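Please read this report beside the sequence and the structure shown below.

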Amino acid sequence: MKQGKQISTTQRWLRNIVYMLIAAICGGFAGYLGALIFKFGLPSYLNLDNFLFYLRIVTFLIFGGTLYLGIKANQTYKAYHSISDEDEEQIDILYKKMYRNLEYATILFNVAVSLTLLNLVLGFGVIFLEERAVMFGSVFDLVFYVVLLIAQIFMMKLTQKIRDYKLSAFATVKEVKDFMEAMDEGEKQANYEMSFQIVFTLNQIVLPGLYLFLFVISILLQERQIIAFLVVAFLHIYINVMQVRMIRRYFK
């Protein structure tokens with residue numbers, strides 16, 4: 001295996017010291033904030049209703065960005081297929097712009113879906129009374145989620161159109177893998193590298209950081225976040241266990 005560029009031991013120590021200092025500062029701030037909350041309570045404006053209100057605005061703006069970039073991608077697609085093959089420089093510019101807008105639109109759409117699901121689970125609930133159960137929540141979140149489900153079909157249609165590949169709106173894992181294989185080698189390699197980086201970051205930084213974050217929250221609230229710890233642990237274990245499939249396939 002080709003050896004990449006390595007940082008020196010001194011640089012590693014300095015980097016770790018910086019991380020420890022940042023963690024200490026954040027921990028001290030969290031402790032100070034927790035003491036203030038414990039003594040005076042949360043300000044009146046810091047409540048779930050206000051949080052959901054602003055979260056819905058952000059979600060709507062992100063979805064608006066999805067529509068804008070999707071329209072731009074479609075316009076660029078038409079321009080790309082209307083110019084002469086002899087204009088290679090313009091073809092290259094439009095090609096990159098078309099796929100860039102499509103991928104940005106896809107990312108924003110996925111973020112909008114995630115935030116909408118967050119709005120749903122935070123906004124809806126059930127109260128069990130002695131004789132009946134009462135459900136509460138925002139109809140707006142439910143309607144917006146239905147809108148996103150419909151929009152997903154149009155996003156897949158746009159992807160099929162630009163990439164010239166038939167992909168289901170609710171594709172299976174195998175269909176997505178076949179879709180990846182149809183990409184050109186440069187884009188495929190970029191996706192492989194980014195996937196490896198995401199897995200490494202989750203495994204070594206994000207998930208371990210969540211353990212520490214939940215521990216601090218448990219200390220501040222004086223209540224162990226058992227469900228949250230179990231979810232993080234499940235994701236951490238899942239990421240590592242799934243590597244077994246790669247080992248069995250590549251080193252068989």
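## A nonpolar surface patch

Ile-226, Ile-227, Leu-230, Val-231, Phe-234, Leu-235, Tyr-238 and Met-242 make a nonpolar surface patch of about 810 Å², where a patch takes residues with over 30% relative accessible area and no salt bridge, joining nonpolar side chains (Val, Leu, Ile, Met, Phe, Trp, Tyr) within 5 Å and like charges within 9 Å. Met-242 sits in the loop between α7 (226–241) and α8 (243–250), and Met-242 counts as partly exposed because its relative accessibility is 31%; on this scale buried means under 20% relative accessible area, exposed over 50%, and partly exposed in between, with a 1.4 Å probe and protein chains only.

This is a predicted model, in which local features need pLDDT of at least 70 and side-chain atom pairs count only at pLDDT 80 or more, while totals for chains, interfaces and linings use all residues. Residues are numbered from 1 along each chain as its sequence is written, and side-chain values use heavy atoms, with hydrogens and water left out.

## The chain as a whole

The chain holds eight helices and two strands, which follow one another from the N terminus as α-α-α-β-β-α-α-α-α-α; helices (H or I, at least four residues) and strands (E, at least two) are DSSP runs numbered from the N terminus. Of its 252 residues, 22% count as buried, and the accessible surface comes to about 19400 Å², with 68% of that belonging to carbon and sulfur atoms, as computed by the Shrake-Rupley method with a 1.4 Å probe.

Helix α4 (residues 139–163) has 25 residues and reaches 36 Å from its first C-alpha to its last, close to the 36 Å expected at 1.5 Å a residue, the expected span being 1.5 Å times one less than the number of residues. The buried residues of α4 include Phe-144, Leu-148, Ala-151 and Met-155, and just after the helix Asp-164 takes a positive phi of about 55°.

Asn-119 lies in helix α3 and counts as buried because its relative accessibility is 1%. Leaving aside neighbours within four places in sequence, Asn-119 is in contact with Leu-52, Leu-55, Arg-56, Thr-59, Phe-124 and Asp-141, contact meaning heavy atoms within 4.5 Å.

## Salt bridges

The structure holds five salt bridges, each being a side-chain nitrogen of Lys or Arg within 4 Å of a carboxyl oxygen of Asp or Glu. One of them joins Arg-163 to Glu-103, with the closest N and O atoms 2.8 Å apart. This pair links distant parts of the chain, as Arg-163 in helix α4 and Glu-103 in helix α3 are 60 residues apart. Arg-163 counts as buried at 14% relative accessibility, whereas Glu-103 is partly exposed at 31%.

Within helix α6 (residues 185–221), Lys-188 and Glu-185 lie three residues apart, about one turn of the helix, and their side chains meet in a salt bridge of 3.4 Å, N to O. Lys-188 is buried at 8% relative accessibility, but Glu-185 is exposed at 58%. Salt bridges that share partners join Glu-103, Arg-163 and Glu-187 into one network.
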